[in-house]
Amino acid sequence: MTVTALERLYAGDHAGALSLLDTMSPLDALDAEALVARGVVQLANHRPAMALPSLRAAVALGETTPATLLNLALAELQAGDADRAFRLMEELQRRLPEWYEPPLRLAEAFRTAGRMQEAEQAYGRVLEINPRCEPALLGLAGLLIMRGDCATARDLLLRCCGIAPQRADAWDTLGLALRGTAEASLAESAFAKAQELAPQVLAFALHRVAAARAAGTEETLLAWLDVATHKDPLNAVLITSRGLLLEQLGRREEAADALEAAVALAPEAPLPIYVLGEVLARSNRLDDAEAALRRANELDPDNLELRNTRATVLFRMHRHAEARSELLALLDRHGEHVNALCNLANATTCLGLQDEGAAAARRAIELAPDALLPRRTLCSTLTYRDGVTGAELLAALRDCSDRLPREHPPRFANTPDPDRPLVVGLLSGSLRVHPVGWLTVAAFETLDPASYSIVCLAQNAANDWIARRFRALARDWHDVDALSDPALAAKARALGIDILIDLGGYGDAGRMTACAHRMAPVQVKWVGMQNHSSGLAEMDWIITDRWETPPELEHLYSERVLRLPDGYVCYSAPPYAPDVAPLPAVANGHVTFGCFNNLAKVTPRVIATWSGIMGRLPGSRLVMKAHQFADGSTRERILGCFAAHGIAASRIELRGPSRHRTFIGQYNDIDIVLDPFPYSGGLTTCEALWMGVPTVALAGEIFASRHSVSHLSNAGLDDWVAPDVASYADLAVTKASDIAALATLRSGLRARVKASPLCDAPRFGRNLGKALRAAWRDWCSRTTQDAGLEMADGSLVPGQNHGRQRR
Amino acid sequence: MEQLRVTADVGTLTARISALLAANRLGAARQLLSAVRRLAPPSPVVAQLAARLAAGEGYLQQALDELDDAVAQFPDHAGLRLYRADLRQRTDDKLGALADAAEAVILDRSDPAAKALLGVMLLEHHRPEDALVCLAEAVAAAPTNPFYCQGLAAAQEANGSSDAALATLNAGIALVPSWVDLRNAAILLCVSRRDFVTACALAEEARVAGIADACSFGLMGHALSSLGRHAEAANAYAEALKLGPEDPYVRHLVTAAGILPGAPRAPAEYLRAVFDGYAERFESHLISLGYRIPGLIRTVLARHPVIAGGGCLGPALDLGCGTGFVAVALSDLPVAPLVGVDLSPRMLEAAAEKQRYAELHEADLMNFLTEDERRWQLILAADVLIYFGALTELLTIAHARLEPAGWLVFSLEELLPGAPGSVPDNGDWALQCQGRYAHNMGYVAASARNAGFAIRKLERQTVRFEGEAPVAGFLVVLERGAG
């Protein structure tokens, strides 16, 4: 019976052999031959622990043929006792030096155990016995590639492919070796051969795409894939690799289309849907991206990069609490990981846990002191942190910006004519419905077209109504998503941009890093993660105003200050804003405070201060509205913070996200906005003003802590600004105690704001034009001076070093 | 090595293709459609998807071919007919479209979509009564479908009952209040009834509801402007521009309101948009404004030495000829051959019907003068140079295109002190809030002399009436020297 089982096994029917064994009587166990058969069948069915007793018993009964010993060794190995296995295999090798199976098994065992040097030696032994042994050629080559000896690996693999030309894995490994020896075209051919032999294997196809990139033959490969996917529309591998290639070529929409099709055809495969998720995330289609990544995660639950990517998308969707738990779980599972820690820092800060967020960022810096991302993360978390000083933040920003890669400073051919029409470049991933759009679009619309033509260098291009306003005002529009920083900088220079305005900073899709390569002779920082100075040596100017950056705070900036005469932004109110309703306090009989700012801005001290104010006004209520309040645990935690200061949950209303019109419409429930600090409301304060609601604000030291000061002052409400926390609380109580004054103010506020410099686009456009002209003339005069100096000593390159002068 | 296998079934894939087409993800749909065609035999569903894809990619003929094959194979499938009707309509095969729509209604009497489409097509075939029946049935079956509702209103208007049309639109708005096209249709109907007060009220309702789009604000501006409420109109235009920034029509009006920096002439796209949209009502509107220019030109030309001497004056060029208003006014004078130039294709169609022109050209007048090197005895520009601020370039090129002793005759509006508009510092010209330019008399004279003209006539005239108020302007006759 056992022999029958063995026959079945050799006929390839592993399960049949096993079920036959299960029906056997235990008496058979006394027979050595039967025991061997039983052990072999168990081993073939991946049950080494069950195979061991049978094989050991057979050996004990004197059955010590080489085959049985080898099987026992394999069973020992698979059951976890590697040392016993190695001893048995070495013994076999001594007994039968011409039999290559034991050293081959030994080599594989060593490799699995991570003992690579011994594995290499064992493979070498196999090849001495049998130079045509394919598994040894392949195995040894793999090890050689891993330790960087790709040339030797290539020679072994060429032999292997010659011996077994139908082995797709041999061709694929050959490709990897050739990639290592920088023979990119040959590598691509090898991968192509592997793909031809195994058209359903995705890995081979993806290797080919990478090789084509390295060889510079992407367009040829794409042309082939176009034809191949047309001829074989059911081949999900071809479609996936076409999608990946399109993405790498920057043709993101087509890439998403191809990957979408691959996923529809092969919905059970994790990789295409993962790549699709990434492409969708880069295209800012976050809902679709998250759904795809979630599905990929279900199919491939232990993939760290995938889980981290999904957490990033959750974060960008403002689902901070979910992002944080996912990141905590993956750090717990996989150990410390720099990028995941950075994401954790941001997600934690956004939940109002600024100290914990900064600590996570600092830990990431410890792990990777030379990496840029942890430094960027620290800068963004510090901005929200209570007690942050301008000097501390500037130092962190400089630490970050100094680590940016830089090319040799370019020489600009821009004609230094102080009065000529100028080309102004806008660099941003936010030329759309976004704070950058709301606060800048009207300014660019009203910039004199005879003096300034606008070129947009855009990422994440959208087609919403603000994006269309940018497109309408721009002379040229370039999508730069696919360009590397050096390529982007070169493009800007080739376009002859005179003044480059960065509207992205270190934010999501920001490309300020490209400014380190110098994109234009004059580089200016404006809205778009403009929470303080850029800290970037190559950023020549920052656009600000006298409230944001009074002269005594100028030393906290690395840039020179381009101070506009009114506010530093021009608010463009939405045509769909609801009308202003009467003061709610009149009907309610109590004052309702509000704060519709991001929870990241609400620190423990802010909550303590607000609680103090509410304690002094017993009937008062507070409405907070933020994306983060969609999450129940976050709501409970914040209510708990207020309760700790004696403010009952019944007095606090926490509202989750809504559409923009509903969002601004909810100001009709609010009497007074309480600004958070140190990071004040920017666009939020403008929107509140437009909806007739004034903001009690605290003037801080960093740029982000003075937005409300600027907006309120421009709207003529400078009496709503307090110099310190105690006066802030007093001011809130005083303002809340004069309902009649509040009602009067509210009824005329929209008209007042509309007529104020905050919304006066033509006036703003003229002032911005003057400021840009001043910056340009400064460059012209320096360039002509430098040119003079260059003639004198030959050492100066015109216009390269201005940004560094104030260091 | 992990293998990637196709596991999806045809039903799932076709549903996915349909969703992708709806989301305009044509690349993905194309790829999956090829896959489905390998997996499944031909079916009406797949044929329709293929046709939708081809149409989405702009290959209408290919889409029609797909449908022709499918209709031949599945003649009783109403959906195929309905879709082919739509495509035939788009390819100008109006009769074929009508036949398909009718067939679709016969094949599936319960489908309101088929009835609605048939109704819209009957309306186009000038059968408003039949259209009314179909669309009324469609609306009765699906009262919340805004497209059917708009179709019914159009049919009612075509049957002469604009009250019923407005009632239909109002009922639709009540049922689907967030559908801005219905609101805009109602506002437009009121504007065309010259009921500007109701138009303003409807537009204001849309604004308060937060659904007004660029079109609503644009119509609101038009209505307010027609009521003489120019400051509010400027606000409405500014909002329209925020929501429809690419619209040259709105952009020009916003510039005129002083919100955007001024331009030295109105953009060609603006003029084409205005006059194309205006073509049908243009003449009656001008007559209602007491438009006097053609008559004044006629009087001047009757005294031209050639005509006074019994000769024939020509060739003559009519710049901005519009619907041919001037040609009609000159019809009993010997001015020939007369060549007309205009930007608006629809205006030119109306001009052609008058049969007074030897040639008509669709072109921007500056481009025409630059590119067409013929010389003229007479160039006319009635009510046209009001779309130009700076005149120098135009007068110079017109001078070059005149025969010796040739005349350039044109009208302008006068820039009066205190008139609304963004006046450049030099005071030569200003863009006024209705989008037209007004000129200073001294500037006109200086520009004419600088271009080499002798001024035969430059006199103040009332060019038309706005409400009851006369609008001041000039009639200008310039002569090129004999040398």
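Modeller: Two residues are in contact if their C-beta atoms, placed from the backbone, lie within 7 Å. Helices (H or I, at least four residues) and strands (E, at least two) are DSSP runs, numbered from the N terminus. The model is predicted: local features need pLDDT of at least 70 and side-chain atom pairs count only at pLDDT 80 or more, while totals for chains, interfaces and linings use all residues. Residues are numbered from 1 along each chain as its sequence is written, and chains are lettered from A and ligands numbered from 1 in the order in which they are written.

The pair is α11 (residues 180-192) and α13 (residues 214-226) of chain B, whose axes come within 10 Å and cross at roughly 20°. Axes are lines fitted to C-alpha atoms, for helices over the stretch in contact, and angles run from 0 to 180 degrees between N-to-C directions. The crossing angle makes α11(B) and α13(B) roughly parallel; angles under 35 degrees count as roughly parallel, over 145 as roughly antiparallel, 65 to 115 as roughly perpendicular and the rest as oblique. Their crossing is left-handed, a term for a near helix turned anticlockwise from the far one by less than a right angle, with right-handed for clockwise.

On the α11(B) side, V180(B), R183(B), N184(B), I187(B), L188(B) and V191(B) take part, and they meet C215(B), S216(B), L219(B), H222(B) and A223(B) of α13(B). Sorted by class, this contact has seven nonpolar residues, three polar and one charged. Ala, Val, Leu, Ile, Met, Phe, Trp, Tyr, Cys and Pro count as nonpolar, Asp, Glu, Lys and Arg as charged, and the others, Gly among them, as polar.

The axes of α16 (residues 252-265) and α17 (residues 270-282) of chain A come within 9 Å and cross at roughly 150°, so α16(A) and α17(A) are roughly antiparallel. The crossing of α16(A) and α17(A) is left-handed. From α16(A), residues including A255(A), L259(A) and V263(A) meet residues of α17(A), among them I273(A), L276(A) and L280(A). The contact of α16(A) with α17(A) has 11 nonpolar residues, no polar ones and three charged.

Elsewhere in chain B, P337(B) lies in the loop between α20 (325-329) and β2 (338-342). P337(B) counts as exposed because 12 C-beta neighbours lie inside 10 Å; a residue is exposed at 12 or fewer other C-beta atoms within 10 Å of its own, buried at 20 or more and partly exposed in between, with C-beta atoms placed from the backbone. Beyond its neighbours within four places in sequence, P337(B) is in contact with G314(B), P315(B) and A358(B).

Between the chains, 31 residues of chain B are in contact with 40 residues of chain A. On the side of chain B that touches chain A, α1 (10-22), α2 (26-39) and α14 (230-243) each give two or more residues, and α2(B) gives the largest share, seven residues. That side of chain B has 17 nonpolar, six polar and eight charged residues.

Chain A as a whole has 36 helices and 13 strands. Of its 807 residues, 53% are buried.
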